[in-house]
Amino acid sequence: MNRILIIFLLIGFYSCGEKQKSEKKAESVEIGKSVSEIKDFELLQDFEKNKAEFGTDTFELNNHSADGGELKVFHDKNFDYIVYDFWLYGETGKLNYTYWTEKNGKMNFKFVKQLKYDYDKPYYEEGYKTDSIIRYLSYSDSKIKLFDINKTEITESELIEKSKSEMESFFRDVTKGIEIIK
C-alpha cells in the first residue's frame, strides 16, 4: 500500500513539474514578442499598460482652436514608438487625436485613434448635448484600415481615404513650427 501511495505521489509531482515547464515555456513565448511586432489595438493596450514608464513633454496649442489645446508627447528609450496625444477645445466640441509613430525620426504612423466630441450648442449654454465619434486608423498592413468604436473594420474606401487625409493633415498642420527633439 505504501509503495502504491509513493508511486502516485511521484506521478503527481512529475506531472506538476511538467505543467510548470509548459507554462513557463508559454510565458517566455509571450514575453518574447518584441514591441516592433505589436500591431493595431495591441499597441494601444501596450501603451495604456506602460504609460507610467514614458517621459512626457507638453506643448500649448493656442492658435488652433477657440479655447486652445495641448499636445503631449510620450517617449521612452525602451519602446520603439512615440505617442503624440492632441487635445483641441472649442465652443461646440473638442478633438482628441492620438498618434503612435515609429521612433526612427521619420514620423511614420503605426496607429491613430480619433475621438471627436460634438456639442449641439456652445458648452457655456445650459443643457448642451454631446455626441461622440471614435475611429481608429491602422497603418500596420500594406493597406490602411479604418475601424469604428467597436473595432469593426470599415471597408468604404471613400471614408477610409477621407479619414486618412484628415488625420495626416491635422498632424502636419498642428505640429508645424513645433520642434520635437527625440
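**Close-up views of a predicted model**

**View 1. Surroundings of Tyr-99.** Setting aside neighbours within four places in sequence, Tyr-99 is in contact with Ile-82, Val-83, Tyr-84, Phe-86, Phe-109, Phe-111, Val-112, Met-167, Phe-170 and Phe-171; contact means heavy atoms within 4.5 Å. This is a predicted model, in which local features need pLDDT of at least 70 and side-chain atom pairs count only at pLDDT 80 or more, while totals for chains, interfaces and linings use all residues. Residues are numbered from 1 along each chain as its sequence is written, and side-chain values use heavy atoms, with hydrogens and water left out.

**View 2. The largest nonpolar core.** This core has 20 residues, and Tyr-84, Phe-86, Tyr-99 and Phe-170 have the most contacts inside it. Two or more residues each come from strand 2 (69-75), strand 3 (81-90), strand 4 (93-102), strand 5 (109-119) and helix 3 (157-175). Helix 3 gives the largest share, five residues. Apart from this core lies another, of 15 residues, including Phe-47, Phe-74, Ile-134 and Phe-147. A nonpolar core is a set of buried Ala, Val, Leu, Ile, Met, Phe, Trp, Tyr and Cys residues joined through side-chain atoms within 4.5 Å. Buried means under 20% relative accessible area, exposed over 50%, and partly exposed in between (1.4 Å probe, protein chains only). In soluble globular proteins, nonpolar side chains tend to be buried together.

**View 3. The whole chain, for orientation.** The chain contains three helices and eight strands, in the order α-α-β-β-β-β-β-β-β-β-α from the N terminus. Helices (H or I, at least four residues) and strands (E, at least two) are DSSP runs, numbered from the N terminus. Of the 182 residues, 32% are buried. Among contacts between residues at least 6 apart in sequence, 40% join residues at least 24 apart. The chain exposes about 12100 Å², and carbon and sulfur atoms supply 51% of this area. Accessible areas come from the Shrake-Rupley method with a 1.4 Å probe; for residues, only the protein chains shown count as cover.

**View 4. A tyrosine patch on the surface.** Tyr-123, Tyr-124 and Tyr-128 form a nonpolar patch with about 320 Å² of accessible area together. Patch residues have over 30% relative accessible area and no salt bridge; like charges are joined within 9 Å, and nonpolar side chains (Val, Leu, Ile, Met, Phe, Trp, Tyr) within 5 Å. Tyr-123 sits in the loop between strand 5 and strand 6 (130-138). Tyr-123 counts as partly exposed because its relative accessibility is 35%.

View 5. The whole structure has four salt bridges, each a side-chain nitrogen of Lys or Arg within 4 Å of a carboxyl oxygen of Asp or Glu. In one of them, Asp-80 pairs with Lys-110, with the closest N and O atoms 3.7 Å apart. Lys-110 is buried, at 14% relative accessibility, whereas Asp-80 is partly exposed, at 26%. Glu-166 forms a salt bridge with Lys-116, the closest N and O atoms being 3.2 Å apart. This pair links helix 3, which holds Glu-166, to strand 5, which holds Lys-116, across 50 residues. Glu-166 is partly exposed, with a relative accessible area of 26%, and Lys-116 is partly exposed, with 22%.

**View 6. The salt bridge between Lys-145 and Asp-141.** The closest N and O atoms of this pair are 2.9 Å apart. Asp-141 is partly exposed, at 29% relative accessibility.
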